[in-house]
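This note is written for a colleague who is meeting the structure for the first time. Please read the numbered points with the sequence and the model in view.

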Amino acid sequence: MKQTVILPILLTAAALVLAGCKGVPTHGEKQARRELVAVTDHYRPNQHKPELPVLTADSSLSNFMAYALLNSPAVEAAYGDWAASVENITVTRSLPDPQLTFQSDIADIVKTVMPGFMQQFPGPGKLRAGAQVATAESQAKYFDFEGAILQTAFDLKQAYYKLHFLNDQLRINRETLSLLNDLEQIARAQNEVGKGTLQDVLRAQIERDRVSTDIANLEDSRQPLLASFKAALGMTPDQTNPPVPGHLKTTEINPDADELLKVAFARNPQLKAMEAGVRAAEAGIALAYKSRVPDFSLGLMADFKANPVVYRPLAEMTLPIWRDKTAAEIAGAKARELAAKARLTAAQISLAVDFAEQSFAYREIGRNLDLLENRLIPKARQSLEIARAGYLAGTIDFFNLMDTERTLLNFELSEVEARVQREIVLARLSLLIAGQPPAGEDWLNQSITQQASK
C-alpha cells in the first residue's frame, strides 16, 4: 500500500518540476526576440490589430499608408511566418523532452516496480549549430515581412497615383470635347456661308464622338482602379469603398543614382533575405559535420519492491557508423550553400539591371516631361489658335484644323501619362529596389535599420 502511494507521488512531483524548466537562450535568439517585441508593440500590440486611422477625402497619403500597412493580410501573413520562425529558434536549441519510464517484472505476482527518468543529450555542439540555422532562417523570414510591407506600400502608391491622374485625363478629354463642339459650330457656320463643306461638320462630329467614347471608357476604368486602391488598403470586397484622397502628393526629389544604388545593395529586402539564406546554409554545414558526433541518453530507475530500494542507472549512446549517410549530409549541406550563394549573386545582378532600367526610365520620363511642358504643348496650343484663325479666313482646310487639335490632345494626354509613370518609377526605386520604408513609419524605419546593419 505504501509503495502504491509513493509511485504516483514521485511521478507527479517529477512532472511538476520538469514543467517549470527552461533552457538557456542563445545570443541570436535573444536578439530576435527583442526585435520581434519591438515590432509587435507597434504592429500588433497585445497580439491585436491596433485601431486603424479613420479615412476621409482630406486624409493625407501617410494616413492611407498607415491603414494599408496595419490592415494588409499579406503583411500580416508574413509577420506570422516571422514570429513563428523566432519561436522555432527556441524549439531547435532546446533539449528533447525527458521521458518517464516504467518497468515491471510479473510472474504469479508483481516482483519489481521500476519507475524511472530518461533524458536525451544531443552530441556536443549540435543544439547550438541547429540554433544558428534557425536564427538565420528567422532573419530571412523577417526580410520577407519587410518585403511584404514595401510591396504593399508600392501597391498603394501605384493605385493612388493612377486614380488621381485619371481625373487629369478626364479633364483634358472634356476640355477637348468642349473645343470640338465649338469647332463643329464653326464648321456649320462656314458651311452655311459657303466657305466650308458638310464634310467638315461630319469630321467634327466623328472626332467629337470618338472623344466622348474615350471619356466613357475612362469613367468606366475608375472601378478597377478603385478596386486596386481598395485591395492595397487590405479591404475585403464586401466592405464599403474607401474615400479617394482629395489632394495629390507628388514626389519632389531628384535621386542620386550612385547613392541610391549603394542604399539598394545595403537594404534591399530580397538581397538581405538571401544573405540570411547563405548564413543558414553555412550553419547547416557545421550542423552536418556534427552528425559524426554520437548522441547520449542518461537515466535512472528505482525498484520500489526491493528492500532496500534498488537503483538502476541507465546510459545509451548512438553509434554514427554509416559513413555514406554522414558524407551525404555534409555534401548536401555544401550543395545548399553553393545554391544559396548562387541565388544571392543572381539577385544582385538582377537588382543592378532593374535599378539601371528604372533609373533610365526616370531620366527618360524627365526629359519627355520637360519637352512636353515647355515646348510641345505651348507650341501645339499656339498652332491650334493659328489653325482656327486660318480656317475662319479660309486659308487652312478643316482637315488640318482637326489634325492640330488631335496633336494637342495627344501631347496633353502624354504629359499626364508621363507624370503617373514618373511617380510609379520613383516609388519602385525607393520602396522595392532601395528598400526605404514609407515616410512617417518610424517604428518600421528603426527595425529595418537594425536588421540591415547585420
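Predicted model: local features only at pLDDT ≥ 70, side-chain atom pairs only at ≥ 80, totals over all residues.

1. Overall form. The secondary structure of the protein consists of 11 helices and 4 strands. Its C-alpha trace spans about 135 × 45 × 35 Å along the principal axes. The radius of gyration is 36 Å, whereas a compact globule of 454 residues would have a value near 22 Å.

2. Burial and contacts. Of the 454 residues in the protein, 41% count as buried. Among contacts between residues at least 6 apart in sequence, 79% join residues that are at least 24 apart.

3. Helices α5 and α6. Helix α5 covers residues 126-192 and helix α6 covers residues 198-232. Their axes come within 8 Å and cross at roughly 165°. Angles over 145 degrees count as roughly antiparallel, and α5 and α6 are therefore roughly antiparallel to each other. The crossing of this pair, α5 and α6, is left-handed. By class, the contact of α5 with α6 has 19 nonpolar, 11 polar and 11 charged residues.

4. Helices α9 and α10. Helix α9 is formed by residues 323-393 and helix α10 by residues 398-433. The axes of α9 and α10 come within 7 Å, with a crossing angle of roughly 155°. The helices α9 and α10 are therefore roughly antiparallel to each other. In passing α10, α9 makes a left-handed crossing. Counted by class, the contact of α9 with α10 has 22 nonpolar, 6 polar and 10 charged residues.

5. Residue E415. The place of E415 is in helix α10. Is E415 buried or exposed? Its relative accessible area is 17%; the limit for burial is under 20%, so E415 is buried. Leaving aside neighbours within four places in sequence, E415 is in contact with L369, L372, E373 and I377.

6. Residue S85. Helix α4, residues 73-93, contains S85. With a relative accessible area of 11%, S85 is buried. Which residues does S85 touch, not counting those up to four places away in sequence? They are A134, S138 and K141. A further pairing may be followed in the model: S85 and E137 are 52 residues apart in sequence, and their C-alpha atoms are 7.1 Å apart in space.

7. Residues N46 and Q47. Where is N46 found? N46 is in the loop between α2 (27-43) and α3 (61-71), and Q47 lies in the loop between α2 and α3. Phi of N46 is near 55°, a positive value in a residue other than glycine. Q47 has a positive phi of about 60°, although Q47 is not a glycine. The relative accessible area of N46 is 69%, and that of Q47 is 59%. The limit for exposure is over 50%, so N46 is exposed, and Q47 is exposed.

Technical notes. Residues numbered from 1 in each chain as written. Heavy atoms only, no water. Axes fitted to C-alpha atoms, helices over the stretch in contact; angles between N-to-C directions. Helix = DSSP H or I, 4+ residues; strand = E, 2+ residues; numbered from the N terminus. Parallel < 35°, antiparallel > 145°, perpendicular 65-115°, else oblique. Left-handed = near helix turned anticlockwise from the far one by under 90°. Nonpolar A, V, L, I, M, F, W, Y, C, P; charged D, E, K, R; others polar. Buried < 20%, exposed > 50% of the residue type's maximum accessible area, 1.4 Å probe, protein only. Contact = heavy atoms within 4.5 Å. Rg over C-alpha atoms; globule rule 2.2 N^0.38 Å.
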